[in-house]
Amino acid sequence: MRVALFATCVNDAIYPSTAIATVKVLERLGVSVDFPAAQTCCGQPQFNTGYRRETAPLVRRMGRAFEGYDYIVTPSGSCVAMVRDNYPRVARSSGDEDLTRAAQSLVPRTYELTEFLVDVLGVTDVGAYYPHKVTYHPSCHGLRMLALGDRPYQLLRNVKGLELVELPGADECCGFGGTFAVKNPDVSAAMGTDKVHNARSTGASVLCGADNSCLMHIGGILRRQDAPQRTFHIAEILASTQEEPLV
């Protein structure tokens with residue numbers, strides 16, 4: 001099995017610990033992971049802002065960077081949704097047969113971390129240890145476009161020492177939405193404030209999720225409220241062990 005890590009630009013630039021944690025979890029389970037250095041942004045910011053034609057070269061680059069791998073695993077539901085849902089659209093609108101082949105090749109091989117663990121590896125206990133009270137925020141792409149469903153919860157329930165508590169209004173958007181937060185800052189902040197209110201009501205010391213862009217938004221509001229609650233990507237919790245705890 002040839003597996004490649006797609007780190008994503010957000011994780012590479014701001015949250016490299018998440019990409020490192022993803023590799024740790026996979027290697028703990030016996031998976032050998034490569035990191036193709038030619039990878040860049042998947043093109044989601046360009047596509048969502050209306051620059052569809054400018055997205056095409058990034059689709060082509062992704063196809064070249066991850067050619068030959070059986071699976072492409074990433075700790076980002078939104079980037080997986082971009083590949084699966086929007087790459088075929090970009091390819092069709094371009095009329096380029098090579099681009100269409102690249103998109104068609106990438107779509108079935110690209111997996112979000114929790115679905116790869118549960119669906120491909122058939123694992124729900126990754127040997128993690130994290131003795132804290134945790135609540136989980138299912139981001140919109142993972143919830144609605146990827147239908148991750150119970151997969152993240154299965155993994156969290158099997159983390160030794162972890163107490164998982166339900167997040168009220170879990171299916172409500174946190175308000176980030178990429179360029180939505182830039183174009184509609186007041187609405188975005190109001191939605192984020194509602195999400196933070198619900199998160200704090202759980203009494204959990206940690207809110208986790210599968211998309212660092214959402215966690216960045218929620219975490220920023222928590223810090224502005226001087227709230228003690230912290231945010232972590234689920235990969236970091238799954239990578240935590242008694243020998244190497246997540247601090």
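These legends accompany close-up views of a predicted model.

**View 1. The largest pocket and the residues at its centre.** Welcome to the largest pocket of this predicted model, which has a volume of about 510 Å³. Its lining is made of 28 residues, and those closest to the pocket centre are Gln-44, Ser-78, Phe-176, Gly-178 and Ser-213. Sorted by class, the lining holds 14 nonpolar residues, 13 polar residues and one charged residue.

**View 2. The helices around the largest pocket.** Here the view turns to the elements that contribute two or more residues to the lining of the largest pocket: helix 1 (9–13), helix 3 (44–48), helix 5 (77–94), helix 8 (140–145) and helix 12 (212–224). Helix 12 is the one that gives the most, with four lining residues.

**View 3. The second largest pocket.** This pocket has a volume of about 200 Å³. Among the residues that line the second largest pocket are Ser-17, Ile-20, Ala-21, Lys-24 and Arg-28, along with Glu-236, Ala-239, Ser-240 and Thr-241. Glu-244, Pro-245 and Leu-246 also belong to the lining. Two helices, helix 2 (16–28) and helix 13 (234–239), each supply at least two residues of this lining. If you are looking for the main contributor, follow helix 2, which gives the most with five residues. By class, the lining of the second largest pocket has five nonpolar, three polar and four charged residues.

View 4. Most residues other than glycine have a negative phi. You will find Thr-8 in the loop between strand 1 (3–5) and helix 1. Is Thr-8 buried or exposed? Thr-8 counts as buried because its relative accessibility is 5%, and the cut-off for buried is under 20%.

View 5. Our last stop is Ala-147, another residue that is not a glycine but has a positive phi, here about 55°. Ala-147 sits in the loop between helix 8 and helix 9 (151–157). With a relative accessibility of 46%, Ala-147 counts as partly exposed, because partly exposed covers values between the buried limit of 20% and the exposed limit of 50%.

Technical notes:
Residues are numbered from 1 along each chain as its sequence is written. This is a predicted model: local features need pLDDT of at least 70, side-chain atom pairs count only at pLDDT 80 or more; totals for chains, interfaces and linings use all residues. Side-chain values use heavy atoms; hydrogens and water are left out. On a 1 Å grid over the protein atoms alone, a cavity is a set of points where a 1.4 Å probe fits but cannot get out, and a pocket is an open set with protein on both sides within 12 Å along at least five of seven lines; lining residues have an atom within 4 Å of a point. Grid points are joined across faces, edges and corners, and a volume is the space filled by probe spheres set on the points. Ala, Val, Leu, Ile, Met, Phe, Trp, Tyr, Cys and Pro count as nonpolar, Asp, Glu, Lys and Arg as charged, and the others, Gly among them, as polar. Buried means under 20% relative accessible area, exposed over 50%, partly exposed in between (1.4 Å probe, protein chains only).
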